[in-house]
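Keep the 3D view open as you read.

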Amino acid sequence: MVSSPSVPRLVVAAPASGSGKTTVATGLMAALAGRGLSVSPHKVGPDYIDPGYHALATGRAGRNLDAYLCGPELVGPLFLHGARGCDIAVVEGVMGLYDGAAGEGELASTAQVAKLLRAPVVLVVDASSQSRSVAALVHGFVTWDPEVRVGGVILNKVASDRHEVLLREALDSVGVPVLGVLRRAPQVDTPSRHLGLVPVAERRAAAVEAVAAMGAQVSDGCDLDALTALARSAGPLTDPAWDAAEAVAGPSPDGAVVAVAGGEAFTFSYAEHAELLRAAGADVVPFDPLRDERLPEGTRGLVIGGGFPEVYAAELSANEPLRKAVAELALSGAPVAAECAGLLYLCRELDGRPMCGVLDATARMTERLTLGYRDAVAVGDSALAAAGTRMRGHEFHRTVVQPGAGAAPAWGLRAPVRRVEGFVQQGVHASFLHTHWAAAPGVARRFVERCRTS
């Protein structure tokens, strides 16, 4: 790992989901970038969608900091890797400030990440239905954990000047400065799907406008100088920055072309995955299953991440040449790593529409949401992981897959109930489980090596 100086930073948190964290964090990133600062964007937790909006605001890849998926020991190094060379970093929290992995105490909470980063917290409070009670709420969050430093409050959805006066008077007794006041602003609202926003790739023009509106709202309603000064008060970090090349122990010889699915249908990917593949010697080439009728020239391996393929099932099905190319590659024994949406794409059909037919399985959308962190162990050897490899992952889908015959399971899961999940078939490793390869970089090296030898 490479040593890196600490960067000014702050964490944007809230008492609960729906308070306006994403609006404030994304708007703050855009406002600081508008001042000419190089802003490093981060998101606590496994969410793939918010980082897409962060990337629009800053012009840099949005990166996740997940103490469950990667372990607390990697939070600092991964942060410093993403923030290398930046003037300031903004970390958007997840859920409520103290909410973490179920049954795991503070693990994976915004509070834990703030402590690991020695970063001050800005608490975003939805003040729409309260006045004096805001003081009791903020006091509770400030005093709950003395190791968490709440450096200021941003009041969101304030109704009027009179409402603002009442809120400020109440908060005077708490001793936490008000660093911003935002009025209700429907123009910054963004459409949602399931538990998150619609990905940027599906609405880029509208997303650009929304991010600009968020930036303008934060610039007008917040004290950017005070927020910047607060970020500079973050404690020093002694962790070395994470380095992909060191993580995979250097590149493999004779790098192979690894095609990585992208476009509107496959938007879920952690930036470190491509970095690890490149560090392991792969030539990473993106392609769009909605539009490209062929895989990239010389493809030796295929990575298909998550997204919302059900939205594009008709278009994916209509691209028959690419479906056949994927099936032929898989049939040849080439390594294929597929997560969630990628799994659905490899099935015979999705909601009755033909897919690639790599797996003898059918998939369909349901009303039931499967959501949560998982502890997993590789059931057998695959192109991605050796038998017994332990990883932590995250499930987030409203889909069921009815398997046929001929494939072994990919993972054994321990929680919330013991079960097996996914498929291993020839070079294919397909699963609903989203994993973060920085936690087990050997999977990237193994995958690239299998691409060379398959």
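Where does UniProt place the feature "domain: CobB/CobQ-like glutamine amidotransferase"? The unreviewed entry puts it at residues 258-439, though such annotations may be inferred rather than shown by experiment. The model you are viewing is predicted, so local features need pLDDT of at least 70 and side-chain atom pairs count only at pLDDT 80 or more, while totals for chains, interfaces and linings use all residues. Residues are numbered from 1 along each chain as its sequence is written, and side-chain values use heavy atoms, with hydrogens and water left out.

Residues 258-439 are 18% helix and 38% strand (DSSP runs, H or I of at least four residues for helices and E of at least two for strands). The end C-alpha atoms of that span lie 21 Å apart.

Now look at helix H14, residues 442-453. Its buried residues (under 20% relative accessible area, 1.4 Å probe, protein chains only) are Val443, Ala444, Arg446, Phe447, Val448 and Cys451. They pack against several elements, including helix H10 (271-279) and strand S17 (390-403), where contact means heavy atoms within 4.5 Å.

Strand S17 also leads us to the largest cavity, giving four residues, the largest share of its lining. A cavity here is a set of points on a 1 Å grid over the protein atoms alone where a 1.4 Å probe fits but cannot get out, and lining residues have an atom within 4 Å of a point. Of the 14 lining residues, Gly307, Glu310, Phe396, His397 and Arg398 lie nearest the centre.

Note on methods: Expected span 1.5 Å × (residues − 1). Buried < 20%, exposed > 50% of the residue type's maximum accessible area, 1.4 Å probe, protein only. 1 Å grid on protein atoms, 1.4 Å probe; cavity = no way out; pocket = protein on both sides within 12 Å on 5 of 7 lines; lining within 4 Å.
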